Amino acid sequence: MFDKLFEPITIGGVTIRNRLSTAPMEVLYCDENGMVTERYLKYVEARAKGGFGLIINEAHAVLKGTGGFNRCSGMWMDEQIEGQAKVAKVAHDNGAKIAIQLIHVGRQSEVSVTNRELEAPTAVADPTLYDVPREMSKEDIDHVVNAFGDAAARVRKAGYDFVEIHGAHGYLLEQFLSPYSNKRTDEYGGNLYNRARFSLEIIENIRQKAGVDFPVIYRMSMTEFMEDGLTIAETRAFAQMLEKAGVACIHASQGNYATIRYMLPPAAVPHAFTADMAEEIKKVVSIPVLNVGRYTDPYVAEAALEAGKADMIAFARQSLADPQFPSKTKASKVDEIRHCIGCLQGCIGGEEHGIYAQVPVICMVNPELSYEGEYTYDIPKQLKNVAVVGGGLAGLWASYAAARCGHKVTLYEKTGKLGGQWNLAIMPPFKQEGSTMLVWLKKQMENYQVEVKLNTEATAQMLQNGGYDAAIISTGCEPVKPRIPGIDSENVCYIPDVLGCKRNVGKNCVVIGGGEAGTETAAFLLQIQKNVTIIEAEKELCRTGQSAVNSFLFDYIGNRSMDGHAWGGTRPSARILTEAMVTEITDHSVTYVKDDKTYTIEDVTDVIIGVGNRIVNPFKDGIEGIEKVEVVGDAAELKDALAAVQNGFRTGYYI
């Protein structure tokens, strides 16, 4: 089934064992001086061992402070060569070829991060950020051009097979190329060739300093998805310029910070969504085209190659989710693959996790990411008989980790279904891919012989009599019942009733609570053709949600919005009320206060409560006879699913 994926390919005279590449992603595993760490080395080693033919390492700054992140890798000084040589060697020792991507972020960063003045083709701040850059002079341009050439020479000296130029995603090279960001009137502005001049000069400088026989890959955004940005018409022509300049391969990507939801696409974006555009590039050049863009499935990747959309496929977050993706695919063990679910929670993140938080990335479906050198699964000196109570995410990951370490594990789940609240989380629009994690976890219960006891509510007596050495409590949480007059009306239910398909709601629904769960429940109700009003006390909906994920969710709801208090007509409609407080519920109405005025929504068929959860732990006083009792997931602390995965896995591993 995967003959094309595992067909060798030659780029710039270098033969690669297959057509599967990692994509360069900031993982922030280097230190603050851009030096390689053991953590970074183990990360690369895992993907080389996993079978990727080409590894393209994350963006490395060509000048200090131009990488855009506080732990950005670097190639701006000779002292960085030694560590990078170790990275190249570990890739080669495991059969992979390897490239370093070079970057200058230009205006797409903040002075507080770069600790240097931002610079760009034009002195206009990126609309998604705040700091105004300095307009680059000819001397500035020449300085950066030489910095790219010097960095590429270091890349070659370190033993890498390729160098990749980051000319995509709205960073400095694309800032020059795009009419959206380049308003210059000199030889670097105006027509396409002038806007391309900066990139072409960098390519020439690299060839002079690193050698014409050192293959250059150029990563470009084929489109910026903006009316005044780059389009496929211009980037087709630019691709031809790149080939003529000596580029060995084009890495076809998309987007910039203003369209970041396509640059870093969540699950709402279709798989292989840029493949048709990549084919347009492939039509006009004779060099290989590497395509990236929500590839998570080997069948989709194989079909894209067979259809002639590209010559090679780059797997970005999928290579984080499962570094063994290639080897599992080649061995026809597709059911063992951990699929990226497009949640963006640990890799891109927000206030606590990922690159937005300027902390090393982690992964929802791969808690081993970032800990490749720590989680080795060495058999512990003392094997234990372990009880896990609760089959939600934390309990499942704890069971997997403990069983894989060799412990005997029994998992108790009081319902007839594993997965806990994750079964609800996959119901709203754009969330179905989350089911792949449950499918994988259930298979691991079989692989590692976890004894799963469904429809069994564990009691303290049962655990005391079970001969267990340790217990992991993952009993989760339950919805909070707010103190609202009428809360016990027959038309009132809770989010698990709706997403769990236990309640067949009527046509006109009010969701009280506009957090992530409430907002996604509202979208689910719209999907099943119900009218929805969301009432939220805060200023905005889904305040803790990931921004790119939220953007598609808000579009889904906003496209069905209505005004006033009358329910919609034949088409399902949504109404959003923020900074509003519900004061009463009746069998047919909801009354709320907003801006010190009282309003009533009539003809309400169902009221769905989603104002939060509370911890459920019937074993909070411990279990007599079992010395080691650990509490994980929501039973320990109400956090998100990512925290439950990390906490559950780590507890199981070290039990």
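1. Helix 11 (317-321) gives the most to the lining of the second largest pocket, with 3 residues, and at least two residues each come from strand 6, helix 8 (260-263), strand 13 (312-315) and helix 11. Helices (H or I, at least four residues) and strands (E, at least two) are DSSP runs, numbered from the N terminus. The space in this pocket is about 870 Å³, and of the 44 residues that line the pocket, Tyr171, Ile260, Met263, Leu264 and Ile355 are the closest to its centre.

2. This is a predicted model, in which local features need pLDDT of at least 70 and side-chain atom pairs count only at pLDDT 80 or more, whereas totals for chains, interfaces and linings use all residues. Residues are numbered from 1 along each chain as its sequence is written, and side-chain values use heavy atoms, with hydrogens and water left out.

3. There are 4 cavities of 30 Å³ or more, and the largest cavity has a volume of about 110 Å³. Of the 16 residues lining the largest cavity, the closest to its centre are Cys340, Cys343, Cys347, Cys363 and Met364. On a 1 Å grid over the protein atoms alone, a cavity is a set of points where a 1.4 Å probe fits but cannot get out, while a pocket is an open set with protein on both sides within 12 Å along at least five of seven lines, and lining residues have an atom within 4 Å of a point.

4. An open sheet of 5 strands runs in the order 16-15-14-17-28 with parallel pairing, where two strands pair if DSSP finds at least two bridges between them. Strand 16 (451-453) and strand 28 (628-631) stand at the edges with a single partner strand each, so one side of each is left without a neighbour in the sheet. From one strand to the next the twist averages 15°.

5. Strand 14 (residues 385-389) and strand 15 (residues 408-412) pair in the parallel sense over 5 bridges, and Val389 has Tyr412 of strand 15 as its bridge partner. Helix 13 (residues 393-404) packs on the sheet, touching strand 14, strand 15 and strand 17 (470-473) (contact means heavy atoms within 4.5 Å), and its direction makes about 165° with that of strand 15; axes are lines fitted to C-alpha atoms, for helices over the stretch in contact, and angles run from 0 to 180 degrees between N-to-C directions.

6. Just after helix 2 (residues 81-93), Gly95 takes a positive phi of about 85°.

Definitions and conventions
The expected span of a helix is 1.5 Å times one less than its number of residues. Grid points are joined across faces, edges and corners, and a volume is the space filled by probe spheres set on the points.
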